[in-house]
Amino acid sequence: MSTSITCTSLYFTWPDGTPVFEGLDVSFGPGRTGLVGINGSGKSTLLKLVAGELAPADGAVRVAGEVGYLPQNVTLDTGLKVDEALGIAAQRAALHAIEAGDVAEEHFETVGDDWDVEERAVATLGELGLGHVELDRTIGEVSGGESVLLRLAALMLRRPDALLLDEPTNNLDLYARRRLYAAVASWPGVMVVVSHDRELLELVDQIADLRAGEVTWYGGNFSAYEETLATEQEAAERMVRVAEADLKKQKRELVDAQVKLARRKRYAQKMYDTKREPRAVMKLRSRAAQVSAGKHRIMHEEKLTEAKERLDEAVEAVRDDDEIRVDLPYTAVPPGRTVLTMLDLKVAYGARVTGGLDLRGPERIALIGRNGAGKTTLLRTVAGELEPVSGEVEAHVPLRFLPQRLDVLDGELSVAENVARFAPGATNNRVRARLARFLFRGARADQKAATLSGGERFRAALAALMLAEPAPQLLMLDEPTNNLDMASVRQLTTALESYEGALIVASHDLPFLESIGITRWLMMEEGELKEITPETVGYPV
């Protein structure tokens, strides 16, 4: 078959009645497809429907062959052994039993034709940079990023016909990302990948843009998509200008027609009053004038309606990706003021800050390093969530910490109620006015946090922290671009550009870090925090 995945007349609605798809038709064929769209457009939902994790309310999903699915949030039982996580434990046990002389029939049935499964598993782990992970090791001993790569290795060993990846680079450091890029570039079958990672999207063959429940296709990688989209948007904006001019013209012509008809009516009335023509002739002329006036009015009103419709269509074609607006004067930190002090600090799991390290004024610090190096532990210690093992850490200004898990939100409360928890002194109107700047307007502020998409949830959590009282003069973010689409990353960048306090951001997303004006780069390497230059940011892989 030329197409491996086909969705026909797909309908899906969330339990609260919110529609996601209403008759979606889409097909994914051979090659690598990047599925993009704003947060909440249904990208992850579509992958779950194809993978069978969700059932459509109506319509059909047809797959030619086996599908492998890597979800956005990978959770593995920490008590499992690596070979169990890879799905090859039974085959390994059967192979070892046969090698030991046990020729029971069930062992041969278990192995089937996969006699080299162990060698393939070791080779696949090596390709993904997990050559040091032994098959008999337990999952609890590997980092979060390694868990993602292990799940991907398990999928690759199954050799599915189609592979679905949902934000696969989340929680991966630069080393792991490059391994994943290599695996994606060499994938021979059908692949659909949802991601905000530009480098990953540069590897795809085509882009599927999911917007308003429909998919628009663009050939080439993400750069080609952006170029084509920019051209389309320029044309759409020109069409808006043309449609606006046409609408003004039709309004003028309608007014002119009404003026002319009014003059004719006054003239006919004058002729009637002065009785310059026979009464029968005047009545006939009056009826003809009324019919003519009605036709002219209807014609011009129809033209005006058509012009309005053309303008609405033109405006709809122009994308409106709103920007978050932040105006928080109380977050400003004067240059030179000490914001944070760390002295001979040692935190849990062995990470340390040797000597002293100060953060002064509105500095912007990037905190980078391999997965498991201790970045999150350090941020949690600074935030007061963990006690230091030894040494001192002191924040001299109000601070807020936004963790990867976004667990600052109560899922049972609305967005507005969550923000009110952090600003108990603010009136309801004040909370809602502030939330509008974070793009939660009207009924959207009343949505429960549990129903939000990943990007919306992040935006709500960011709003809760930045609108908190007292206003945070030190903001710490842990992998903030995870689960964000391109538009949301731009919104976050804009928000941080207008934030006037000090900033510490732990991230593996170098393009994002460079876009927010980082002033100092700190690397957690071999358990020790070191200051580095921007030129050495691309740490060894």
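Helices (H or I, at least four residues) and strands (E, at least two) are DSSP runs numbered from the N terminus. The model is predicted: local features need pLDDT of at least 70 and side-chain atom pairs count only at pLDDT 80 or more, while totals for chains, interfaces and linings use all residues. Residues are numbered from 1 along each chain as its sequence is written, and side-chain values use heavy atoms, with hydrogens and water left out.

Helix 5 covers residues 117–127, and Val117, Arg120, Ala121, Thr124 and Leu125 are buried there. Buried means under 20% relative accessible area, exposed over 50%, and partly exposed in between (1.4 Å probe, protein chains only). Because these residues cover an arc of only 135 degrees around the axis, they lie on the same side of helix 5. The arc is taken from the directions from the helix axis to the C-beta atoms. An α-helix has 3.6 residues a turn, so residues three or four places apart point the same way.

## Ser4

Ser4 sits in the segment before strand 1 (5–13). Ser4 counts as buried because its relative accessibility is 12%.

Leaving out residues up to four places away in sequence, Ser4 touches Phe28, Gly29, Arg62, Val63, Ala64 and Val190. Contact here means heavy atoms within 4.5 Å. Ser4 and Val190 are 186 residues apart along the chain, and their C-alpha atoms are separated by 7.2 Å.

## Helix 14

Helix 14 (residues 454–466) has 13 residues and reaches 18 Å from its first C-alpha to its last, close to the 18 Å expected at 1.5 Å a residue. The expected span is 1.5 Å times one less than the number of residues.

Of its 25 lining residues, the closest to its centre are Gly372, Thr376, Thr377, Gln404 and Asp478. On a 1 Å grid over the protein atoms alone, a pocket is an open set of points where a 1.4 Å probe fits, with protein on both sides within 12 Å along at least five of seven lines; lining residues have an atom within 4 Å of a point.

Helix 6 (144–158) and helix 11 (375–382) each supply at least two lining residues. Helix 11 gives the largest share, 4 residues.
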